[in-house]
Amino acid sequence: MLQLRPNCECCDRDLPPESLEARICTFECTFCAGCAESRFAGICPNCGGDLARRPVRPAALLVKYPASRERVVKAHAACAGSA
Ligand SMILES: [Zn+2]
Ligand SMILES: [Zn+2]
């Protein structure tokens with residue numbers, strides 16, 4: 001099951017489960033659309049895989065299968081120092 005992480009790993013912007021701005025790679029590295037496009041050109045800086053729009057989990061199912069609340073933030077070459 002997808003973790004649905006709550007923020008962009010690069011700029012730490014909030015990405016709630018219903019956000020259409022969330023982008024993830026196959027390992028669920030999570031970024032906002034702005035970072036994914038302008039900083040990483042659609043390629044995950046951690047693993048080199050492609051970033052795709054994160055599917056939205058229907059609200060009714062979030063009750064039973066809640067989103068992760070663990071914020072993940074890392075420094076990447078393309079965003080380090082800009083936060
Ligand atoms: Zn971001
Ligand atoms: Zn990745």
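1. I begin with S68, which is found in the segment after α2, the helix spanning 59–64. The model is a predicted one, and the remarks below should be read with that in mind. With a relative accessible area of 16%, S68 is buried, because that value falls under the 20% cut-off. Its side chain reaches the backbone nitrogen of E70 at 3.1 Å. Once the neighbours within four places in sequence are left aside, S68 is in contact with Q3, L4, R5 and P6.

2. R5 is found in the segment before β1, and at 14% relative accessibility R5 counts as buried. Leaving aside neighbours within four places in sequence, the contacts of R5 are L15, F27, E28, C29, T30, R54, S68 and V72. That list includes C29, whose SG is one of the protein donors of the zinc ion (ligand 2).

3. L4 also lies in the segment before β1 and is buried, with a relative accessible area of 3%. E28 is placed in the loop between β1 and β2, and at 17% relative accessibility E28 counts as buried. For context, most residues other than glycine have a negative phi.

4. Turning to the metals, the zinc ion (ligand 1) is coordinated by C8, C11, C32 and C35, each through SG, at 2.3 to 2.4 Å. The angles among the 4 donor atoms run from 100 to 117°, and the site is tetrahedral. Along the chain the donors of the zinc ion (ligand 1) follow the spacing C-x2-C-x20-C-x2-C. C8 lies in the segment before β1 whereas C32 belongs to strand β2, so this pair ties together parts that are 24 residues apart in sequence. Both C8 and C32 are buried.

5. Why is the arrangement around the zinc ion (ligand 2) irregular? The 4 donor atoms subtend angles of 88 to 153°, and the arrangement is not tetrahedral because that would require all angles to lie between 85 and 135 degrees. For comparison, the ideal angle for four tetrahedral donors is 109.5 degrees. The donors of the zinc ion (ligand 2) are spaced along the chain as C-x3-C-x14-C-x2-C. Here C29 lies in the loop between β1 (22–24) and β2 (30–32), and C47 in the loop between α1 (33–39) and β3 (52–53), so the pair ties together parts that are 18 residues apart in sequence. At 7% relative accessibility C29 counts as buried, while C47, at 34%, counts as partly exposed.

6. As to secondary structure, the chain holds 2 helices and 3 strands, and from the N terminus on its elements run β-β-α-β-α. The 3 strands form an open sheet in the order β2-β1-β3, with antiparallel pairing. β2 and β3 stand at the edges, each with a single partner strand, so one side of each is left without a neighbour in the sheet. β1 and β2 run antiparallel and are joined by 3 bridges, and I24 stands opposite T30 in β2.

7. On the overall form, the chain of 83 residues has a radius of gyration of 12 Å, which agrees with the value near 12 Å that a compact globule would have. The C-alpha trace spans about 40 × 20 × 20 Å along its principal axes. Buried residues make up 40% of the 83 residues in the chain. Among contacts between residues at least 6 apart in sequence, 59% join residues at least 24 apart.

8. A last point concerns A60, which is placed in helix α2. Is A60 buried or exposed? A60 is exposed, with a relative accessible area of 65%. The C-alpha atoms of A60 and C25, which are 35 residues apart along the chain, are separated by 25 Å.

Terms used. Residues numbered from 1 in each chain as written. Chains lettered and ligands numbered in written order. Predicted model: local features only at pLDDT ≥ 70, side-chain atom pairs only at ≥ 80, totals over all residues. Heavy atoms only, no water. Helix = DSSP H or I, 4+ residues; strand = E, 2+ residues; numbered from the N terminus. Buried < 20%, exposed > 50% of the residue type's maximum accessible area, 1.4 Å probe, protein only. Polar contact = N/O pair within 3.5 Å; in protein donor to acceptor, adjacent residues only side chain to side chain. Contact = heavy atoms within 4.5 Å. Donors = N, O, S within 2.8 Å, 3.2 Å for Na, K, Ca; no water. Tetrahedral: all angles 85-135°; square planar, octahedral: opposite > 155°, others 65-115°. Pairing = 2+ DSSP bridges. Rg over C-alpha atoms; globule rule 2.2 N^0.38 Å.
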